Amino acid sequence: MLRTLAIALLAVLVSVAGSVEAFAQVKKTAKRSPIVHAKKPVAAPARPVAKSSAKMRSAVRKPAARKPAIRKPAIRKAGSIRGRAAARPAARRPSTKWGVGRYAPPARRTVLPPRPAIVDQRAPRTLSFFNLHTRESITVTYRRNGAYVPAALQRLNHFLRDSRSDTQVNIDPQLFDILWLVRHRLRSTSAYSVVSAYRSPQTNAWLASTSSGVADNSLHMRGQAMDVILPGRSAAQVRAAGLELGMGGVGYYPRTGFVHLDTGPVRRW
């Protein structure tokens, strides 16, 4: 019995000694080759997705300020019909019976000299003319003591003849009164430059075919109209003085610088 217990105890001691030796061996091995624990891989930071170059430029670029559109005026040829129509305001042609030329819109207020003294109806009236076509000059006292001088009127009829056809008519004496009163109102003593006076029917027809400003039944053919320039006074002043009289028709031609005066109905263009 004791022998059996001794054998069992010895077996237990041998087993314990083997376990201690195995544990020491494992510990010694662990010191020589330590276990390296693998680290978890660290994910790289995600890169931002690059935008396309066009989108990036549109995002950075600021919208440019829009300039107001400037409309340029249409350029027309000077000689074209549309160009001439655009260069002047809407025109109103006068009556073909009495009218002469195109209608001219009223100009700005024209300054006239101070009014002269009251006209003495019996005082002599003298006029001076220079004919731009014949280059002739004349100075005539056509009225004395309130009456017309027949010899002086005959001289004026010849002076104001149609130089193209060398024909003449009796000029309406009232036309000379209009010319004298206009010059008197403008305080001028200059000689009128005559652009056009009497016109024969042939001359008037030829002018009407070449210019739209000539009436078919012009008062020039009756000796009742004259186109004049008064040196030292503007065409606007002559026009204003003629309108102030209210004794006939007044035509204004600022481009050519003359004024039409006649003894027809009171009107203007």
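Colleague: How should the numbering and the values be read?

Modeller: Residues are numbered from 1 along each chain as its sequence is written, and side-chain values use heavy atoms, with hydrogens and water left out. The model is predicted, so local features need a pLDDT of at least 70 and side-chain atom pairs count only at pLDDT 80 or more, whereas totals for chains, interfaces and linings use all residues.

Colleague: What is the mean pLDDT of the chain, and where is the pLDDT below 50?

Modeller: pLDDT is the predictor's confidence in each residue, on a scale from 0 to 100. Its mean over the chain is 79, and 62% of the residues reach 70 or more. Residues 78–104 have a pLDDT below 50, and this stretch has 44 contacts in the model beyond near neighbours in sequence, a contact being heavy atoms within 4.5 Å. Where pLDDT is low, the predicted coordinates should not be read in detail.

Colleague: Why is H220 called buried?

Modeller: A residue is buried under 20% relative accessible area, exposed over 50%, and partly exposed in between, with a 1.4 Å probe and protein chains only. H220 has a relative accessibility of 0%, and therefore counts as buried. H220 is located in the loop between α6 (201–210) and β5 (225–229). Setting aside residues up to four places away in sequence, H220 touches S196, A197, Y198, R199, A225, M226, D227 and H260.

Colleague: What makes the pair H220 and D227 a polar contact?

Modeller: A polar contact is a pair of N or O atoms within 3.5 Å; within protein, one must be able to donate a hydrogen and the other to accept it, and residues adjacent in sequence count only if both atoms are side-chain atoms. The side chains of H220 and D227 are joined by such a contact at 3.4 Å, so the pair falls within the limit.

Colleague: Why does S188 count as buried, and what does its side chain approach?

Modeller: S188 has a relative accessible area of 9%, so it is buried. It is placed in the loop between α5 (173–185) and β4 (192–196). A polar atom of its side chain lies 3.1 Å from the backbone nitrogen of S190. Apart from residues up to four places away in sequence, S188 touches R183, L230, P231 and R233. The C-alpha atoms of S188 and L230 are separated by 8.5 Å, although the two residues are 42 apart along the chain.

Colleague: How many residues has the largest nonpolar core, and which element gives the largest share?

Modeller: A nonpolar core is a set of buried Ala, Val, Leu, Ile, Met, Phe, Trp, Tyr and Cys residues joined through side-chain atoms within 4.5 Å. The largest such set has 36 residues, and those with the most contacts inside it are F129, Y142, F176, L179 and M226. α5 gives the largest share, with seven residues. L179 is in contact with L127, F129, Y192, M226, V228 and L261, leaving aside neighbours within four places in sequence.

Colleague: What makes α7 mostly covered?

Modeller: Eight of the 11 residues of α7 are buried, among them A235, V238 and A241. The elements covering these buried residues include α5, β6 (249–253), β7 (258–262) and β8 (267–268).

Colleague: Why is G248 called buried?

Modeller: The relative accessible area of G248 is 8%, so G248 is buried. G248 belongs to the loop between α7 and β6, and touches D262, G264, P265, V266 and R267, not counting residues up to four places away in sequence.

Colleague: Why does L207 count as buried?

Modeller: L207 has a relative accessible area of 17%, and is therefore buried. This residue lies in helix α6.

Conventions
Helices (H or I, at least four residues) and strands (E, at least two) are DSSP runs, numbered from the N terminus.
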